[in-house]
Number of protein chains: 2
Amino acid sequence: MKRTEISALGKVAFVERLTEPFTTDLDSRIRQGIGDDAAVIDRGGWLEVVSQATMLEGIDFDLTYTPLEHLGYKLVVAAVSNICAMNARAEYLTVSIGLSARFSVEDATALYDGIKRATDQYGLSLIGGNTSASLTGLNLTAAVIGSTTDEELTLRSGARNKELLCVTGNLGAAYLGLQLLEREKRVLAGNDVSRPEINEEHAYILQRQLKPEARVDVLRQLREAKIRPTAMIDVTRGLASAALHLCRRSEVGVRIYLNRIPIASQTFKMAEEMRIDPVVAALNGGDDFELLFTAPLDKHQELLTMSGVDVIGHIVPASEGAALVTPDGGEIRLQAPDWTARVEAEGAE
Amino acid sequence: MKRTEISALGKVAFVERLTEPFTTDLDSRIRQGIGDDAAVIDRGGWLEVVSQATMLEGIDFDLTYTPLEHLGYKLVVAAVSNICAMNARAEYLTVSIGLSARFSVEDATALYDGIKRATDQYGLSLIGGNTSASLTGLNLTAAVIGSTTDEELTLRSGARNKELLCVTGNLGAAYLGLQLLEREKRVLAGNDVSRPEINEEHAYILQRQLKPEARVDVLRQLREAKIRPTAMIDVTRGLASAALHLCRRSEVGVRIYLNRIPIASQTFKMAEEMRIDPVVAALNGGDDFELLFTAPLDKHQELLTMSGVDVIGHIVPASEGAALVTPDGGEIRLQAPDWTARVEAEGAE
């Protein structure tokens, strides 16, 4: 039988091949099916928004240095962030966990403590899920249901030529946090390092990796300022990947000014120490859980003065492609690493 | 740090400990949270029903003898069956898969072909999900959203004294199918046996294991006969486990007549050949996806004549406990194997 490696096809084409048969004959109430941060169902007068987030041990987290409370919290944040990216409010959560005999009651309780802190923080109710045995490791899947309105719903596909490209918070910190944890793990290899000592200086980037937050605060700010994003996506696999998804769905191109990409001073410092390019961390790192969105050009002044939001570029016609603009005015084609390469590298059995 | 094995606590107490903190301060629209086959949200005029089903390689399926098309189909069936157990209709589905580098594009396509056949069969729309890398094996989680009404919603908790206990279809066949597949695997160990030859005689029990169905047909029958089950649960880990869950949530006891438990002739035959007690297979086997429900006593005659439904016992006060009644009138306390023992046995790393 023919065997095609997933990496040979590439992620986008792979997912399209799998889901293409499901794009026809959709229920007329489905406003958005596969292909956005969440699905949208028209409930008549309001819109239901549904998403799923999965985190697998050894791929999405390493329990050597990830406290289980933080992991539970982060799982909920990942699910809520998907709902935020639709400009919707997360309301209900179900969590399924598969755990092997390695895990104790205390471990599972710590995980659920983190889930509880997050549901309290984001005003969600845990309504279901299941707990089952796994052969190896810990598998987590959260499904989240939220709601929004026609007036507020923001898809990936709404960006138009000349609009502003904005991003919340700062990027790359979580990636540097991960690199720091990996370094500590190597240093301490062989010892029990379930909680490496956290240096005060490192606190920010570690927190960004271990206990990120979903940007419900910025959505509130935008709502209060009466700015409705035209397209939005959350940044979970780096700015490059997010921007390319947005361009693809909106059928537009983009220019991102390299020197406008927000990077925290702690990220710069750590990047220097570790000899990592901080811009590469922002473009290709993961786990930022920031929001990338477009907005009408006439909101420029308001967005420039809004805290927690940076205007980093603008939309151009699709024919002009997606590119980074260097300080000297040069252009670099925007590319994102393919996660399928990660399957190959990390998933080998 | 203290370490309590999950098996020491037992499944019910374990899940209760994890979810107890979430049972307070629930949104007033939550009609049913954790503790049933699905959660129920009151949407004003209709009820939304939400559930999740997880299947993990090495625990819930063995790809040595499970065709991926069938696995995809079964995942959807498991999710739909949860919704059926609420007397609701499944409508929307999201599927998250984690797959390692062992899997090819063709493998994933086969899996989704099965998902598609099931969504067509059950009239569901696949609206989302995600595909990610896993370190080892295949992890599947489906979330399903359905709907029902106040008049039709059936919880596990509605059973009352003297009511009839009924079950759909027949039990134990899927378990025997699994035993047969395991036997073939042992016989052919060392060879490539991705599709063991299926003997005509074995077709029924193999189909019950590899390609089960959710009992939407029986729900329709009940609706047409204007019989509303008072409590319901789907039988996925054997009759004993299902009956005990139902008793626990309804705060009642039960008597199940051993000789009324429906077992197919093919199951009997295979059980004899494999020296397995077919009643034990029905009580403790898995993957039947039949429905166990209670109904008012005055529906006895109608239920006795309904095809695909058997009256197997009746509800008694909680003080009388849950028991099997032998043909000679003796009573055996009903017990269910604890899945946490399975974690210990199968989940060792």
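Reader: What volume does the second largest cavity have?

Author: The model shown here is predicted, and the values given for it are computed from its atoms. For the second largest cavity, the volume comes to about 40 Å³.

Reader: Which elements give two or more residues to the lining of the second largest cavity?

Author: The lining consists of V50, S51, A143, V144 and I145 of chain A, together with V50, S51, A143, V144 and I145 of chain B. By class, these residues divide into eight nonpolar, two polar and no charged. The elements that supply two or more of them are β3 and β6 of chain A and β3 and β6 of chain B.

Reader: How many cavities of 30 Å³ or more are there, and what is the volume of the largest cavity?

Author: Rolling a probe the size of a water molecule over the atoms shows where empty space is left. A search of the whole structure finds four cavities of 30 Å³ or more, and the volume of the largest cavity is about 90 Å³.

Reader: Which residues that line the largest cavity are the closest to its centre?

Author: Elements giving two or more residues to this lining are β3 (47-56), β4 (89-99) and β6 (138-148) of chain A, and β3 (47-56), β4 (89-99) and β6 (138-148) of chain B. The lining has five nonpolar, 10 polar and no charged residues. Of the 15 residues that line the largest cavity, the closest to its centre are N139(A), T141(A), T54(B), N139(B) and T141(B).

Conventions: Residues numbered from 1 in each chain as written. Chains lettered and ligands numbered in written order. Predicted model: local features only at pLDDT ≥ 70, side-chain atom pairs only at ≥ 80, totals over all residues. Heavy atoms only, no water. 1 Å grid on protein atoms, 1.4 Å probe; cavity = no way out; pocket = protein on both sides within 12 Å on 5 of 7 lines; lining within 4 Å. Points joined across faces, edges and corners; volume = space filled by probe spheres on them. Helix = DSSP H or I, 4+ residues; strand = E, 2+ residues; numbered from the N terminus. Nonpolar A, V, L, I, M, F, W, Y, C, P; charged D, E, K, R; others polar.
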